[in-house]
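Hi,

Here is the structure I promised to pass on. Have a look at it first, and then read on for what turned up.

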Amino acid sequence: SSSLTVVKSFHGEETVACASSRYLFDCYSGMVVSAESDAPASRSEGAVFELLEKRVFAGNSNKYALNHKIVVDAPDGTARAYKFATETDELPAKVGDRVTVICASNSESAGGSFPPIPPGSFKGEPKSLYNHRQRKTTQLLRTFDPNSGVALKWIVLGTALLAGGDSSSA
């Protein structure tokens, strides 16, 4: 899959259609006025559960990604705050950098043949960030919500209970 990289004029928000993926994306260009990072809080399940979850259950891999929050100010007077995660510890943009943030579209309907958002994406979810100073595109991940999903310890406990019930009834 190819990534949508847009080098656009310096003016704020614009909705564009990607010809290769056939989805709509919202692009927002401006200067970073605030940038902060924080490591995600790890659960207290112990190192064995964390290692097993990290190695076996790849779907939860962004739990270990670094979370970032940036505020982008456009010349048209608007500002947007974005919260996302990255696979590396490197902050994709610093204060004063000119960036373009590419997000899943907020449009209700695309009109024509373009669906509004890619499958598995949320409206307005940041997908990638292009840093104009570094000339580098960074793929963005969803931030981890520790209150979502089922914890691995409950899956193991449920499996053990079901297996114990099956063996006692046999």
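Before the rest, some housekeeping. This is a predicted model, in which local features need pLDDT of at least 70 and side-chain atom pairs count only at pLDDT 80 or more, while totals for chains, interfaces and linings use all residues. Residues are numbered from 1 along each chain as its sequence is written, and side-chain values use heavy atoms, with hydrogens and water left out.

Strands here are DSSP runs of E with at least two residues, numbered from the N terminus (helices would be H or I runs of at least four). Two strands pair if DSSP finds at least two bridges between them.

"Buried" means under 20% relative accessible area, "exposed" over 50%, and "partly exposed" in between (1.4 Å probe, protein chains only). Six of the seven residues of β5 are buried, so β5 is largely enclosed by the rest of the structure.

**On to β7**

β6 pairs with β7 (residues 136-139) in the antiparallel sense over four bridges. Their hairpin has four residues between the strands, and R135 takes a positive phi near 55°. L129 has T138 in β7 as its bridge partner. T138 is buried, with a relative accessible area of 17%. Contact means heavy atoms within 4.5 Å; leaving out residues up to four places away in sequence, T138 touches T86, P92, K127, S128 and L129.

**The cores**

A nonpolar core is a set of buried Ala, Val, Leu, Ile, Met, Phe, Trp, Tyr and Cys residues joined through side-chain atoms within 4.5 Å. The largest one has 13 residues, and I70, V72, Y82, F84, V99, V101 and L129 have the most contacts inside it. At least two of its residues come from each of β2 (24-38), β3 (66-73), β4 (79-86) and β5 (98-104). β5 gives the largest share, three residues. Another core, of five residues, lies apart from it and includes V16, F25, C27 and I102.

**Y82 and its ring partner**

Y82 is buried, with a relative accessible area of 7%. Neighbours within four places in sequence aside, Y82 is in contact with Y28, H68, K69, I70, V72, V101, C103 and P126.

Rings of Phe, Tyr and Trp (its six-membered ring) pair if their centres lie within 6.5 Å; planes under 30 degrees apart count as stacked, over 60 as edge-to-face and the rest as tilted. By that rule the count comes to one aromatic pair. Y28 and Y82 form it, and it is tilted, at 6.4 Å centre to centre with 55° between the planes. The pair links distant parts of the chain, with Y28 in β2 and Y82 in β4, 54 residues apart. Y28 is buried too, at a relative accessible area of 1%.

Cheers
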